[in-house]
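Here are a few friendly notes to read alongside the model. Take them one at a time, and keep the 3D view open as you go.

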Amino acid sequence: MIDNRITIGMVFVLISMIVLTIYGIQEQGRLEERTESEHARAIQRGAVIFEENCSECHGPNGGGVLGRAPALNTGHFFDPTVGRLKEVSYNGSIESFVTLTVTGGRPVKSDTQYAQPMPTWGQQYGGPLREDQVNDVVAFVLNWAGEPRGEAGAGGAAGGDCDPDDSPCLGLQAFSAAGCVACHTVADYSNAVVGPELTNVFAERGPDHIRESIMNPNAVITEGFTADVMPQNLGELLTPEQIDNIIAFLEDVSSQ
Ligand code: HEC
Ligand code: HEC
C-alpha cells in the first residue's frame with residue numbers, strides 16, 4: 001500500500017517535470033519570438049523616423065542624394081573587410097559607428113560635396129531624438145546590412161581621402177569618427193561644449209596630457225567639468241596609431 005503511494009507520487013512528480021520541461025521549451029521559444037518581434041517593431045518605428053528625418057538627405061531608401069549625403073544601404077558601407085569602417089579606421093562595431101554618427105552628428109564635413117554637415121540627432125547633444133528613437137533608426141539602418149541595394153550609391157563614398165602618412169588629416173577623421181566632435185570644440189572643425197575646447201590643448205598642456213585624457217579620462221578632471229562624462233573606453237576603441245594621429249591633428253590646430 002505504502003509502496004503504491006510512493007510509486008504514484010513518483011509518477012506525479014515525473015509527469016509534472018515533463019510538463020514543466022515542455023512548458024519551459026515553449027516559453028523559451030516565446031521569449032525568442034518576443035525579442036524577434038520587438039526587434040522587428042524597432043525597425044518599423046525606425047523606418048518612420050528615417051522617412052521623416054533622414055530621407056531628405058540620404059534618400060528615401062538610404063540610396064544617398066548627390067551633393068547632400070552618402071548612401072547607407074550599400075554593400076560597401078557594411079563590408080567588414082574593405083568597407084566604411086576600414087576606410088575611416090574605426091575599430092568599434094558598425095552598430096556603434098552608426099549610433100555615434102547619428103547621436104553626435106558630424107559637424108565636420110568629410111567631403112566638400114555635401115551642402116550641409118550631418119546634423120546632431122541625440123537629445124544628449126542637443127538634437128531632437130530620444131535615445132530609444134536613435135536606437136530604432138539605427139536598427140532600421142543596420143537592417144540594410146542583410147540586403148544591400150546598390151554599390152557606391154548616388155552620393156558616392158563619403159570622404160576618407162587622406163594621404164596615408166598625413167597624420168593630422170587621419171587624426172581629424174578619427175576625431176570625427178570616434179565621436180569626439182560631439183563634445184569638444186576644435187577651431188572651425190567642431191563646435192560642441194559638453195567638454196572643454198581643445199583648440200589650444202596641445203600648446204597649453206602637451207601630448208602626454210592629451211594621451212592620458214583619452215586613455216584615462218578621470219585621471220585629471222579639467223576645471224569646470226565633471227568626471228564620467230567623457231567615455232571611459234576610448235582607449236579600447238582607438239588604436240595607438242589613431243591616438244597618435246589625433247594628437248598630431250590637435251598639434252596642427254594649435255600651431256595655426
Ligand atoms: C541635412 C542632411 C542630413 C540629414 C537630414 C541626415 N544626414 Fe546623415 N549624413 C549627412 C552627411 C552630409 C553625411 C556625411 C558626413 C561626412 O562624412 O562628412 C552623413 C553621414 C551619415 C552617416 C555615416 C555615413 C558614413 O559613410 O560615414 C550615417 C550612418 C547617417 N548619416 C545617418 C543618418 C540618419 C539615421 C539620419 C536621420 C536621423 C540622418 N543621417 C540625417 C547628412 C544628413
Ligand atoms: C560625451 C562627451 C565626450 C566625448 C565623446 C569625448 N570627450 Fe573629451 N572630455 C569630455 C569632458 C566632459 C572633459 C572634461 C572632464 C575631464 O577632464 O574628464 C573632457 C576632457 C578631454 C581632454 C582634456 C582637456 C583639457 O583641457 O585638459 C581631452 C584632451 C579630450 N577630452 C579629448 C577627447 C578626445 C580625443 C575624444 C575622442 C576620442 C573625446 N575627448 C571624446 C567629454 C567628452
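1. A term to start with: a residue counts as buried if 20 or more other C-beta atoms lie within 10 Å of its own. Please also keep in mind that this is a predicted model.

2. Now try that term on helix α5, which spans residues 94-104. How many of its 11 residues are buried? Eight are, and the helix is mostly covered. The buried ones are F97, V98, T99, L100, T101, V102, T103 and G104.

3. What do the buried residues of α5 pack against? Their partners are two other helices, α4 (84-87) and α6 (131-142).

4. Next, have a look at ligand 1. It is surrounded by 28 residues, and the closest are C54, C57, A69, S110 and M118. Helix α5 turns up here again: α1 (2-53), α2 (55-58), α5 and α6 each supply at least two residues of the shell. By class, the shell around ligand 1 holds 16 nonpolar, six polar and six charged residues.

5. Finally, step back to the whole protein. The domain assignment gives domain 1 (2-146) and domain 2 (167-254). Between their C-alpha centres there are 28 Å. The contact draws on 14 residues from domain 1 and 17 residues from domain 2. On the side of domain 1 that touches domain 2, you will find six nonpolar, seven polar and one charged residues.

Notes:
Residues numbered from 1 in each chain as written. Chains lettered and ligands numbered in written order. Predicted model: local features only at pLDDT ≥ 70, side-chain atom pairs only at ≥ 80, totals over all residues. Buried ≥ 20, exposed ≤ 12 C-beta atoms within 10 Å, placed from the backbone. Helix = DSSP H or I, 4+ residues; strand = E, 2+ residues; numbered from the N terminus. Contact = placed C-beta atoms within 7 Å. Near = placed C-beta within 6 Å. Nonpolar A, V, L, I, M, F, W, Y, C, P; charged D, E, K, R; others polar. Domains from an automatic or database assignment.
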